[in-house]
Amino acid sequence: MKIDVTVEISTKNRYQTTLPICLMSVANQTYTPKKILMFDDGDQKDLRQDPTFASIFALLAAKNIQFECVFGRKKGQVENHQMALSLSTTE
(Lines give C-alpha, C1' and ligand atoms only; values in the text may rest on other atoms or scores of the structure.)
Protein backbone atom coordinates (compact mmCIF):
# COMPACT_ATOMS: atom_id res chain seq x y z
CA MET A 1 0.00 0.00 0.00
CA LYS A 2 1.37 3.42 -0.94
CA ILE A 3 0.89 6.18 1.61
CA ASP A 4 1.15 9.93 1.17
CA VAL A 5 4.49 10.34 2.93
CA THR A 6 7.72 11.81 1.65
CA VAL A 7 10.87 10.34 3.18
CA GLU A 8 13.78 12.76 3.56
CA ILE A 9 17.31 11.37 3.85
CA SER A 10 20.29 13.64 4.45
CA THR A 11 23.70 12.19 3.68
CA LYS A 12 27.29 13.32 3.50
CA ASN A 13 29.76 10.96 1.83
CA ARG A 14 28.11 7.76 3.10
CA TYR A 15 27.60 6.35 -0.37
CA GLN A 16 28.79 2.83 0.44
CA THR A 17 27.68 2.56 4.07
CA THR A 18 24.60 4.17 5.57
CA LEU A 19 22.81 5.48 2.46
CA PRO A 20 22.29 2.14 0.68
CA ILE A 21 21.12 0.52 3.91
CA CYS A 22 18.70 3.37 4.56
CA LEU A 23 17.25 3.22 1.04
CA MET A 24 16.80 -0.55 1.22
CA SER A 25 15.09 -0.20 4.60
CA VAL A 26 12.58 2.28 3.17
CA ALA A 27 12.02 0.13 0.07
CA ASN A 28 11.27 -2.95 2.16
CA GLN A 29 8.71 -1.43 4.51
CA THR A 30 5.16 -2.77 4.42
CA TYR A 31 3.79 0.65 3.53
CA THR A 32 5.70 2.40 0.77
CA PRO A 33 6.13 6.17 0.74
CA LYS A 34 5.03 8.46 -2.03
CA LYS A 35 8.58 9.71 -2.57
CA ILE A 36 12.14 9.60 -1.24
CA LEU A 37 14.15 12.83 -1.24
CA MET A 38 17.88 12.29 -0.76
CA PHE A 39 19.86 15.39 0.13
CA ASP A 40 23.55 14.98 -0.71
CA ASP A 41 25.71 17.38 1.29
CA GLY A 42 28.90 15.50 0.45
CA ASP A 43 30.84 14.98 -2.77
CA GLN A 44 27.58 15.21 -4.74
CA LYS A 45 28.20 12.21 -6.96
CA ASP A 46 25.93 11.02 -9.75
CA LEU A 47 24.70 7.91 -7.97
CA ARG A 48 23.07 6.56 -11.14
CA GLN A 49 26.59 5.61 -12.31
CA ASP A 50 27.22 3.43 -9.24
CA PRO A 51 26.26 -0.27 -9.60
CA THR A 52 25.02 -0.49 -6.00
CA PHE A 53 22.63 2.39 -6.49
CA ALA A 54 21.56 1.25 -9.96
CA SER A 55 20.18 -1.90 -8.29
CA ILE A 56 18.52 0.04 -5.49
CA PHE A 57 16.99 2.58 -7.89
CA ALA A 58 15.65 -0.30 -10.02
CA LEU A 59 14.00 -1.78 -6.92
CA LEU A 60 12.45 1.59 -6.01
CA ALA A 61 11.13 1.99 -9.56
CA ALA A 62 9.70 -1.55 -9.53
CA LYS A 63 7.85 -0.69 -6.32
CA ASN A 64 6.59 2.61 -7.81
CA ILE A 65 8.45 4.66 -5.22
CA GLN A 66 9.47 8.01 -6.64
CA PHE A 67 12.94 9.19 -5.68
CA GLU A 68 15.06 12.24 -6.25
CA CYS A 69 18.59 13.19 -5.30
CA VAL A 70 18.98 16.87 -4.45
CA PHE A 71 22.41 18.41 -4.05
CA GLY A 72 22.28 20.21 -0.73
CA ARG A 73 24.04 23.44 0.10
CA LYS A 74 26.24 21.65 2.66
CA LYS A 75 24.50 23.32 5.60
CA GLY A 76 23.24 20.19 7.33
CA GLN A 77 20.13 18.17 7.86
CA VAL A 78 18.04 20.92 9.47
CA GLU A 79 18.22 23.00 6.28
CA ASN A 80 17.65 19.87 4.20
CA HIS A 81 14.53 19.10 6.22
CA GLN A 82 13.22 22.62 5.57
CA MET A 83 13.90 22.18 1.85
CA ALA A 84 12.10 18.82 1.91
CA LEU A 85 9.07 20.42 3.52
CA SER A 86 8.93 23.15 0.88
CA LEU A 87 9.38 20.65 -1.96
CA SER A 88 6.74 18.25 -0.68
CA THR A 89 4.13 20.98 -0.20
CA THR A 90 4.57 22.30 -3.76
CA GLU A 91 3.87 18.93 -5.40
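The legends below describe close-up views of a predicted model. Local features need pLDDT of at least 70 and side-chain atom pairs count only at pLDDT 80 or more, while totals for chains, interfaces and linings use all residues. Residues are numbered from 1 along each chain as its sequence is written, and side-chain values use heavy atoms, with hydrogens and water left out.

**View 1. The largest nonpolar core.** This core holds 15 residues, of which Leu19, Leu23, Ile36, Phe53, Phe57 and Leu60 touch the most other members. Two or more residues come from each of strand E1 (6-11), helix H1 (18-27), strand E2 (35-40) and helix H2 (51-62). A nonpolar core is a set of buried Ala, Val, Leu, Ile, Met, Phe, Trp, Tyr and Cys residues joined through side-chain atoms within 4.5 Å; helices (H or I, at least four residues) and strands (E, at least two) are DSSP runs, numbered from the N terminus.

**View 2. The surroundings of Phe53.** Leaving aside residues up to four places away in sequence, Phe53 touches Tyr15, Gln16, Leu19, Pro20, Leu23 and Leu47, where contact means heavy atoms within 4.5 Å.

**View 3. The salt bridge of Glu68 and Lys35.** The closest N and O atoms of this pair are 2.9 Å apart, and a salt bridge is a side-chain nitrogen of Lys or Arg within 4 Å of a carboxyl oxygen of Asp or Glu. The pair links distant parts of the chain, with Glu68 in strand E3 (residues 66-71) and Lys35 in strand E2, 33 residues apart. Glu68 is partly exposed at 32% relative accessible area, whereas Lys35 is buried at 7% (buried means under 20%, exposed over 50%, partly exposed in between, with a 1.4 Å probe and protein chains only).
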